[in-house]
Amino acid sequence: MTATQLARLGRALSAAGERAPAAPWRNSRLERRAALRPRASSRAQAELLQDAPAARYNSSVPASGAGASGLTNGSRTNGSSSRASPAGAAAAAVADAGLIITTFRWPAALGGHEVSVCGSFSNWEPLALHQAAPGGDFVRSLALPPGSAYFKYLVDGEWICSPTEQVVANGKGFNNHRLIQPTVSFTWRSSELGGADVLLTGSFNSWAELLPLAYDARAGQHSLRCCLPQGHYEFQYFVDGQWLLCPQQPTSLTEQGRMVNCVEVQSPPAFHIHYATGWTSAVLHVRPIAEPGQPEAPWQALPMHSTASRARPKGGNWLTATVPAVLAEDGSAGSRPSKVNGKANGNGVNGAPAAAAAAAAAGRVAGLSVDGGDAGPATYRPVEFFISSSDGRQEDRPWGGSAYRCQQPGGYKLRSGSLRPFPQATRPPMMLVSDLDGTMVGEGEEADACTREFATYWEDNAALAGGVLVYNTGRSLGQFQGLLEYKAGALPVPDVLITAVGTKIWRLDCEGGTRGTASGTAWQEDHQWARTLDEGWDLRQIRECVQQVLDRRSDAAFWLDNGTEHPHRVCISTRADVTPTVVSELERSVTGRGLQCKVIVSGTGDWRYVDVTAARAGKLAALEYVRQLYGVHHSRCVAAGDSGNDTLMLGGRNLAIVVGNAQPELVQWVLEQPQEDRMVVTDAPMARGILEGLARHGLY
């Protein structure tokens, strides 16, 4: 960048107020708020990719500050030409080397003050992450070669796997794993829209970095290939010191009311093989099926990874491996475009159909198409495979054949010699947030049979596909652990437990392993959530308000929890006939003292539970917090309940399931709601009703 451009960049990052629109694609509605502004200096952000460890893999890619400024962007359509900025030159070198941008993120909710990432791409040397904002997530984007990346986070001196990413055992202990392959290409058509220096930021990196796009003089555009998980993302271009929208790309409003571009990233075509085995470890041997007249390709040996499933098929476990799809010789070089709001998007942001990881060994790999939609559906080479034990002494091949065959990319399960489709493996992970009593579990043999059916489904399907199981209950942690023991294996172990009417959140402690290997008895409290609830909450005064009510009705109300166990909730039991009066008195008392809280009534029969919680607590607020922590979109998150105290989480933007045995007050509440597809009332009761609801929502 020239000195003038750097000055403009600095002014744009710090300016407040509106910028007068000079073109129809300029976003005049953007406010320069902290949530959108990058937090580091403009020069440090623009040179981000030069700090990436790309030089470890290709000497032509400059390391930090090394020889990037001499590269040029080439001519522009307006007849001018300019030297590339250091950031643009580094981006061009990254593109030339076939590297892919991927972002590492450590959620603030997981704790920590100093966070680094280290892995196979850095020779296990730590690379510091930077915090998006005070109290925000830690992020860092790196340019990496395609293929498997194994890594861990160094958090305040302790090596930790992130529970929000895949954890695998790969012979070197447990590590996070990510398959680096391009899943989206961000494109700015400079020949039409102008711009010499184009940078990008978005929700995928917590709006904390400006990533430079590389200029292609022949195509007249800037572009950047990224490896992003499936899901919905918002992003913004920063062009020559101004925040701009791309007119050809879809837009949406952020929760803060800002207009940004958006994209729905799909899974690139690949063969996802899941294997039920009694072996503790296995190797997948795979190759493309030879086309007529062509020699057979050599077998590639890929280690299979552990999964999050707690199922024990054949007394063993589920293992998995992913094989990027390879274009057939007559296949289209174009790609299927990413989906945006259910429609194909062929103008600037395109889904990548396969990784370049297999290029050297297996022929051409589908690359990124800039303009997308004009190309027809790509054709991919089918694959054949067999599986061996890690020591090579045993092999699993089909009866009467030499190898199993998959004709099309997709998800597959191999169990007891039978290969079956498993389309769930290619979809974004889903999250189920279920109430416990009356929904997931009940009393009696029939209720336990329902729970066992759900557990079998979850462990053999949703857990294999990266699903997140959450229980949202009024029980305490100790009461839940007692229930888990009482149900003797029928109740599946969740990833997250929300207790005490949304006032405490617990994450399963995987004890250095995965959900599949965890004991299910150790839990870690989310202290970030607890700090969120502190605002406006005064436990001492809340106790005094409740005690005054109890003193007037000692025969009809009594304490259950005065906040000793749950400091953001107190709970009393009241006789059903006086409950409305008690609630009214409580609300008047706390309002009179200027306190902020929620009063929640639940239960059936002659007595009711009355919970008084922090204003920011509750089942829906806790659900939203966990959903955002795991990066699950509303359309892939579903809540299930059976009683009136579930209405908050059932009434959110997420999908909802009301099980067939729901209490009358909940059914009445449903009848009063807008009759829309977001919510289903099932015929089947309890956990069978959850399965029915998942099927009706298309998540089964």
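**Packing, pairing and contacts**

Me: Which elements do the buried residues of α14 pack against?
Reply: Helices (H or I, at least four residues) and strands (E, at least two) are DSSP runs, numbered from the N terminus. Buried means under 20% relative accessible area, exposed over 50%, partly exposed in between (1.4 Å probe, protein chains only). Packing rests on contact, meaning heavy atoms within 4.5 Å. The buried residues of α14 pack against β34 (431–434), α6 (445–462), β43 (637–641), β44 (655–658) and β45 (679–681).

Me: What pLDDT do side-chain atom pairs need?
Reply: Residues are numbered from 1 along each chain as its sequence is written, and side-chain values use heavy atoms, with hydrogens and water left out. This is a predicted model: totals for chains, interfaces and linings use all residues, local features need pLDDT of at least 70, and side-chain atom pairs count only at pLDDT 80 or more.

Me: Which residues of helix α14 are buried?
Reply: The helix covers residues 686–696. Gly698 follows α14, with a positive phi near 75°. The buried set within the helix is Met686, Ala687, Gly689, Ile690, Leu691, Gly693 and Leu694.

Me: How many residues apart are Glu692 and Arg696 in α14?
Reply: Their side chains meet in a salt bridge, 3.0 Å from N to O. A salt bridge puts a side-chain nitrogen of Lys or Arg within 4 Å of a carboxyl oxygen of Asp or Glu. An α-helix has 3.6 residues a turn, so residues three or four places apart point the same way. Glu692 and Arg696 are separated by about one helical turn, because their spacing in residues is four.

Me: Is Asp137 buried or exposed?
Reply: Asp137 forms a salt bridge with Arg105 at 3.0 Å, N to O. The pair links distant parts of the chain, 32 residues apart: Asp137 sits in the loop between β6 (130–131) and β7 (138–144), Arg105 in strand β3 (residues 100–106). Arg105 is partly exposed at 24% relative accessibility. At 18%, Asp137 is buried.

Me: Which strands stand at the edges of the five-strand sheet?
Reply: The sheet is open and mixed, in the order β24-β25-β21-β32-β33. Two strands pair if DSSP finds at least two bridges between them. Each edge strand has a single partner, so one side of each is left without a neighbour in the sheet; these strands are β24 (305–306) and β33 (418–421).

Me: Which residue in β25 is the bridge partner of Ser306?
Reply: β24 and β25 (residues 317–324) pair in the antiparallel sense over two bridges. The β25 partner of Ser306 is Leu319.

Me: What polar contact distance joins the side chains of Thr574 and Thr579?
Reply: Thr574 lies in strand β40 (residues 569–575) and is buried at 0% relative accessibility. A polar contact is a pair of N or O atoms within 3.5 Å; within protein, one must be able to donate a hydrogen and the other to accept it, and residues adjacent in sequence count only if both atoms are side-chain atoms. Beyond four places in sequence, Thr574 contacts residues including Trp607 and Val610. The Thr574–Thr579 polar contact is 2.7 Å.

Me: Which residues form the nonpolar surface patch?
Reply: Patch residues have over 30% relative accessible area and no salt bridge; like charges are joined within 9 Å, nonpolar side chains (Val, Leu, Ile, Met, Phe, Trp, Tyr) within 5 Å. β39 (557–561) and β42 (607–614) each supply at least two residues. Together the members have about 400 Å² of accessible area (Shrake-Rupley, 1.4 Å probe; for residues, only the protein chains shown count as cover). They are Phe558, Leu560, Trp607 and Tyr609.
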